Amino acid sequence: MTARSNEPLAQHPCSGLHEPGLSWFEIFRLGLVQTALGAIVVLTTSTINRVMVLEMAMPAMLPGALVGLHYALQILRPRWGHHSDVKGRRSPWILLGMAVLASGGWLAALATSMLDTQQGLGIALAIVAFSMIGLGVGASGTSLLALLAKSVAPKRRPAAATIVWVMMIMGFVITAATAGHYLDPYSSERLLQVSATVSLTAFALSVIALYGLEAKHQVSSLLAPDQGPRGDHPDLTHRSRASFWLALHTVWSETASRRFTVFVFISMLAYSAQDLILEPFAGAVFGMSPGQSTQLAGVQHGGVLVGMIFVALIGTWRKSGHSMQAMRRWTVGGCAASAIALLCLTGASVYPEVWPLKASVLALGFANGVFAVAAIGSMMTLAGEGHTHQEGLRMGLWGAAQAIAFGLGGFLGTMASDIAQWLLSDASKAYAWVFGLQALLFVIAAWMAIR
């Protein structure tokens with residue numbers, strides 16, 4: 001790869017404006033879809049999780065299992081990515097996924113409100129709701145990333161991925177802060193109203209953002225399977241649906257794709273392990289209300305946003321900022337910093353009276369953001385490489401590895417929290433042990449990135 005190919009795109013904001021593919025403004029429009037997706041997801045993985053554990057006095061493993069279910073269903077991402085490669089049209093899959101996701105988000109709030117009076121029915125409805133959330137996130141997210149990987153000019157892919165992911169984090173931050181304000185004082189009616197407003201707004205925003213995008217620029221023609229830039233391998237996309245397994249075998253046989261899949265799984269397991277215990281931790285150890293703990297989650301996601309922007313700015317300033325070597329260095333640094341931040345939360349568990357909790361949570365978010373944007377940049381770059389024109393399948397494969405890791409991480413984190421509290425009979429010490437174990441996972445992830 002030449003030095004010129006490693007130059008960050010942001011240094012040439014006006015270059016290539018007439019090149020085929022999506023413009024910067026259209027990439028921003030796709031980012032709005034990720035913002036909408038993040039807005040719905042943050043209510044289910046953070047706020048509803050905390051309400052189930054504290055307000056409804058349910059075991060932490062219940063929301064952990066539900067969120068794990070929604071991640072488990074995303075194992076279908078490679079299949080969706082493959083169909084997206086074959087059909088070419090991405091927008092219908094994105095909108096269908098968003099409709100299912102929005103419906104599932106509101107049903108999750110309804111199920112939570114029923115746990116007080118109709119516990120069995122509430123749990124059954126929650127299973128349906130979180131299944132819908134998993135299907136919706138997988139269908140819309142995979143199709144969106146496939147659209148980016150296939151219709152964005154190769155040199156724009158890392159920057160485009162950063163823009164879209166940062167906008168998803170913005171959805172986390174804005175929703176967590178706004179919902180936290182309107183949820184206090186907490187009631188089931190308020191939760192239903194907030195969830196309905198967020199779901200409807202998110203779906204409407206997605207429709208507006210995608211309207212006419214593919215038709216206006218004839219993106220579907222760019223996505224046609226017989227126009228791939230690499231003709232060094234027989235075209236698999238005209239075969240029957242059974243060819244999915246042949247296509248998956250082809251991608252898995254690529255050393256880079258296989259190794260990156262394993263790394264994504266291990267690193268995201270470490271990344272996700274604290275997600276479902278942060279808000280219950282803030283409530284149990286620091287006595288925060290649902291609104292306050294939701295705003296604390298907003299602080300964490302705000303830190304992620306700052307970390308991502310920081311890496312993007314440094315990468316723009318340095319000519320090799322988006323090279324694979326640079327991405328690996330950022331990945332190692334992000335993993336190591338995340339481990340240190342989790343050790344700070346261990347200190348917060350032991351000394352809650354004096355420890356600066358918000359600063360520690362902000363530091364954790366910042367470190368996570370550095371790691372995440374490096375991994376995303378690597379993912380978008382590798383998606384366009386290989387012997388076959390199958391960006392959607394590669395993104396689906398890595399998305400499935402990430403989703404499974406997230407599901408296991410959330411469930412194992414909540415299970416470890418329950419077990420530690422049962423063994424130690426002290427919430428503060430229990431959370432200290434759990435955060436310490438999560439720090440160890442990040443150390444292992446950093447070691448893997450170095451190797």
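The accessible surface of the chain comes to about 18300 Å², and carbon and sulfur atoms hold 68% of that area. The model is a predicted one. Of the 451 residues in the chain, 57% are buried. The secondary structure consists of 17 helices and zero strands. Among contacts with a separation of 6 or more, 82% join residues 24 or more positions apart.

**Aromatic pairs**

The whole structure holds eleven aromatic pairs. One of them joins phenylalanine 281 and tyrosine 431. Their ring centres lie 5.3 Å apart, with 65° between the planes, and the pair is edge-to-face. This pair links distant parts of the chain. Phenylalanine 281 belongs to helix H12 (residues 278-286), while tyrosine 431 belongs to helix H17 (residues 427-450). The two residues are 150 residues apart. Phenylalanine 281 has 0% relative accessibility, so it counts as buried. Tyrosine 431 is buried too, because its relative accessible area is 4%, under the 20% cut-off.

Phenylalanine 371 and phenylalanine 442 make another pair. Their planes meet at 80°, over the 60 degrees required, so this pair is edge-to-face. The centres are 6.4 Å apart. Again the pair links distant parts of the chain: phenylalanine 371 is in helix H15 (residues 357-383) and phenylalanine 442 is in helix H17, 71 residues apart. Phenylalanine 371 is buried, at a relative accessible area of 0%. Phenylalanine 442 is buried as well, also with a value of 0%.

The table sets out the two pairs.

| Pair | Centre to centre | Angle between planes | Class |
|---|---|---|---|
| Phenylalanine 281 and tyrosine 431 | 5.3 Å | 65° | edge-to-face |
| Phenylalanine 371 and phenylalanine 442 | 6.4 Å | 80° | edge-to-face |

Ring pairs also build a cluster. Its members are Phe281, Phe286, Tyr431 and Phe435.

**Cavities**

The structure has four cavities of 30 Å³ or more. The largest cavity has a volume of about 730 Å³. Its lining counts 38 residues, and those closest to the centre are Tyr71, Met168, Phe172, Gln402 and Phe406. By class, this lining divides into 23 nonpolar, twelve polar and three charged residues.

**A loop residue with positive phi**

Which residue has a positive phi although it is not a glycine? The residue is alanine 57, with a phi of about 55°. Most residues other than glycine have a negative phi. Alanine 57 sits in the loop between helix H1 (24-55) and H2. Is alanine 57 buried or exposed? Alanine 57 is exposed, because its relative accessible area is 63%, over the 50% cut-off.

Key: Residues are numbered from 1 along each chain as its sequence is written. This is a predicted model: local features need pLDDT of at least 70, side-chain atom pairs count only at pLDDT 80 or more; totals for chains, interfaces and linings use all residues. Side-chain values use heavy atoms; hydrogens and water are left out. Rings of Phe, Tyr and Trp (its six-membered ring) pair if their centres lie within 6.5 Å; planes under 30 degrees apart count as stacked, over 60 as edge-to-face and the rest as tilted. Helices (H or I, at least four residues) and strands (E, at least two) are DSSP runs, numbered from the N terminus. Buried means under 20% relative accessible area, exposed over 50%, partly exposed in between (1.4 Å probe, protein chains only). On a 1 Å grid over the protein atoms alone, a cavity is a set of points where a 1.4 Å probe fits but cannot get out, and a pocket is an open set with protein on both sides within 12 Å along at least five of seven lines; lining residues have an atom within 4 Å of a point. Grid points are joined across faces, edges and corners, and a volume is the space filled by probe spheres set on the points. Ala, Val, Leu, Ile, Met, Phe, Trp, Tyr, Cys and Pro count as nonpolar, Asp, Glu, Lys and Arg as charged, and the others, Gly among them, as polar. Contact means heavy atoms within 4.5 Å. Accessible areas come from the Shrake-Rupley method with a 1.4 Å probe; for residues, only the protein chains shown count as cover.
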